[in-house]
Amino acid sequence: MPQHRENRSLPYTARQMYDLVADVERYPEFLPWNSAARIRARKPQGNGTELLEADLVISFKVFREKFGSRVVLNPDANRIDTEYLDGPFKYLKSYWTFEDRAEGGCNVAFFVDFEFKNRILAGVIGAVFNEAMNRIVMAFEKRAAQLYGAGAQKA
């Protein structure tokens with residue numbers, strides 16, 4: 001049951017980072033091992049939140065797996081929650097939170113907890129799990145620098 005938690009202070013606004021993470025369809029442009037993304041459904045929830053059902057295709061070495069997730073976008077709370085729907089996992093839950101800092105920039109928190117059904121895939125991923133999670137978080141940071149500028153906060 002791999003778990004990973006990251007907390008970062010970044011020079012961007014909470015809204016900028018929220019928007020970047022919420023843009024699931026763009027993940028294949030910058031996330032390692034993400035070869036495709038598709039939104040199955042988009043459902044406004046009436047309370048300011050939006051529910052997405054999304055498919056991501058992950059390609060890692062000889063493995064290529066598609067999985068579905070339910071993503072709850074909550075822009076008022078600057079929070080994104082993800083739950084597993086279908087695919088190669090026994091379960092998967094993750095969340096992102098974004099909080100503006102008084103001195104500028106924001107704090108970003110990321111947490112993921114999952115387990116693969118396939119023991120071989122679990123073993124392959126388990127061996128490089130922390131490195132993989134670090135590369136994913138770094139990919140979001142690099143994407144933020146490309147979109148918003150390398151270090152300067154912009155409103």
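Two strands pair if DSSP finds at least two bridges between them. Helices (H or I, at least four residues) and strands (E, at least two) are DSSP runs, numbered from the N terminus.

This is a predicted model, in which local features need pLDDT of at least 70 and side-chain atom pairs count only at pLDDT 80 or more, while totals for chains, interfaces and linings use all residues. Residues are numbered from 1 along each chain as its sequence is written, and side-chain values use heavy atoms, with hydrogens and water left out.

## Overall picture

The protein has three helices and seven strands. Read from the N terminus on, its elements follow the order β-α-α-β-β-β-β-β-β-α. The C-alpha trace spans about 45 × 35 × 25 Å along its principal axes. A compact globule of 155 residues would have a radius of gyration near 15 Å, and the 16 Å of the protein agrees with this. That radius is taken over C-alpha atoms, and the globule rule is 2.2 Å times the number of residues to the power 0.38.

Confidence is given as pLDDT, the predictor's confidence in each residue, from 0 to 100. The mean pLDDT of the protein is 89, and 92% of its residues reach 70 or more. Helix 1 has the highest confidence, at a mean of 97, and helix 3 (residues 119–148) the lowest, at 83. Where pLDDT is low, the predicted coordinates should not be read in detail.

Of the 155 residues, 45% count as buried. Buried means under 20% relative accessible area, exposed over 50%, and partly exposed in between (1.4 Å probe, protein chains only). The accessible surface comes to about 8400 Å², of which 50% belongs to carbon and sulfur atoms; these areas come from the Shrake-Rupley method with a 1.4 Å probe, and for residues only the protein chains shown count as cover. Contact means heavy atoms within 4.5 Å. Among contacts in the protein with a separation of 6 or more, 51% are made by residues 24 or more positions apart.

## Strand pairing

| Strand pair | Sense | Bridges |
|---|---|---|
| Strand 2 (residues 34–44) and strand 3 | antiparallel | nine bridges |
| Strand 3 and strand 4 (residues 63–74) | antiparallel | 11 bridges |
| Strand 1 (residues 3–10) and strand 7 | antiparallel | eight bridges |
| Strand 6 and strand 7 | antiparallel | 11 bridges |

Strand 3 (residues 50–60) is largely enclosed by the rest of the structure, because eight of its 11 residues are buried. On the strand 4 side, I58 stands opposite E65. The hairpin of strand 3 and strand 4 has two residues between the strands, with K61 at a positive phi near 55°.

Strand 7 is mostly covered too, with nine of its 11 residues buried. Q3 stands opposite D113 in strand 7, and S94 has V112 in strand 7 as its bridge partner. In the hairpin of strand 6 and strand 7, which has five residues between the strands, G104 takes a positive phi near 105°.

In soluble globular proteins, nonpolar side chains tend to be buried together. A nonpolar core is here a set of buried Ala, Val, Leu, Ile, Met, Phe, Trp, Tyr and Cys residues joined through side-chain atoms within 4.5 Å. The largest such core has 39 residues, and those with the most contacts inside it are M17, V21, Y27, I80, W96, F98 and F140. Helix 1, helix 2 (27–30), strand 3, strand 4, strand 5 (79–86), strand 6, strand 7 (106–116) and helix 3 each supply at least two residues of this core. Helix 3 gives the most, with eight residues.

Leaving aside neighbours within four places in sequence, W96 is in contact with V21, N78, R79, I80, V108, A109, F110 and F140.

S94 lies in strand 6 (residues 89–100). S94 counts as buried because its relative accessibility is 11%. With neighbours within four places in sequence left aside, its contacts are I80, D81, T82, F110, F111 and V112.

D19 belongs to helix 1 (residues 14–22) and counts as partly exposed, at 38% relative accessibility. The C-alpha atoms of D19 and L73 are separated by 9.8 Å, although these residues are 54 residues apart along the chain.
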